[in-house]
Amino acid sequence: MAVHSTPPPRLPQPPVALSRRAALFSIALLSVACSRRRPDSTPEGVVREWIERMQRVHGEPEAARAAFELLSQEAKANLEERARRASAATGRKMAPEQMIAPSRFSVRFHPRQLTARIAGDRAIVEAVGADPEVEHAAIPCVRESGAWRIDLTLPPLSPIERRPDAGVP
């Protein structure tokens, strides 16, 4: 009697174990690939982000608030005082971000290159467009609490004038 033997079925092979070093390297590589730098971690990044946010401001309160958040404390304080004065003059509550007029801060050109000159916690970001002779701007930035902010140059507020008779007839 002839016995035909069939080979035993092939069992799946166990997965190849990674060395500890390879596993750590893979995790580190994955975390770097998946993480994105915060836009305010560099002066160029905060300028790029502010320009993008300002282009969305037109009549959108949320977009105006997002752009306002990237401003320096000094610029925010200036706009807060302007909002307080506007509220008093109009009789309706005005938010500081409403003081950012998109037409005043419209993008005159699309920057092709942003280069920062950093000195301590201050920086000037040079923005250059397609025609460097005409399309260029210097944007001041300041580092506050570890994050870069746009140090928007606003005209100083004039003192509030009071009438000598205080409005009494």
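## Leucine 157

In this predicted model, L157 is placed in the segment that comes after β4, the strand spanning 147–150. With a relative accessible area of 28%, L157 counts as partly exposed, because that class lies between the buried residues, under 20%, and the exposed ones, over 50%.

When residues up to four places away in sequence are left aside, L157 touches N78, E81, R82 and R85.

## The protein as a whole

The protein contains four helices and four strands, and their order, read from the N terminus on, is α-α-α-α-β-β-β-β. Among contacts in the protein with a separation of 6 or more, 48% are made by residues 24 or more positions apart.

Of the 169 residues of the protein, 28% count as buried. The accessible surface of the protein amounts to about 12600 Å², and carbon and sulfur atoms account for 57% of that surface.

## The second largest pocket

The second largest pocket has a volume of about 150 Å³. It is lined by 10 residues, of which E60, P61, A64, E97 and Q98 are the closest to its centre. Sorted by class, the lining of this second largest pocket is made up of six nonpolar residues, two polar residues and two charged residues.

Note on methods:
Residues numbered from 1 in each chain as written. Predicted model: local features only at pLDDT ≥ 70, side-chain atom pairs only at ≥ 80, totals over all residues. Heavy atoms only, no water. Helix = DSSP H or I, 4+ residues; strand = E, 2+ residues; numbered from the N terminus. Buried < 20%, exposed > 50% of the residue type's maximum accessible area, 1.4 Å probe, protein only. Contact = heavy atoms within 4.5 Å. Areas by Shrake-Rupley, 256 points an atom, 1.4 Å probe, with all protein chains shown as cover. 1 Å grid on protein atoms, 1.4 Å probe; cavity = no way out; pocket = protein on both sides within 12 Å on 5 of 7 lines; lining within 4 Å. Points joined across faces, edges and corners; volume = space filled by probe spheres on them. Nonpolar A, V, L, I, M, F, W, Y, C, P; charged D, E, K, R; others polar.
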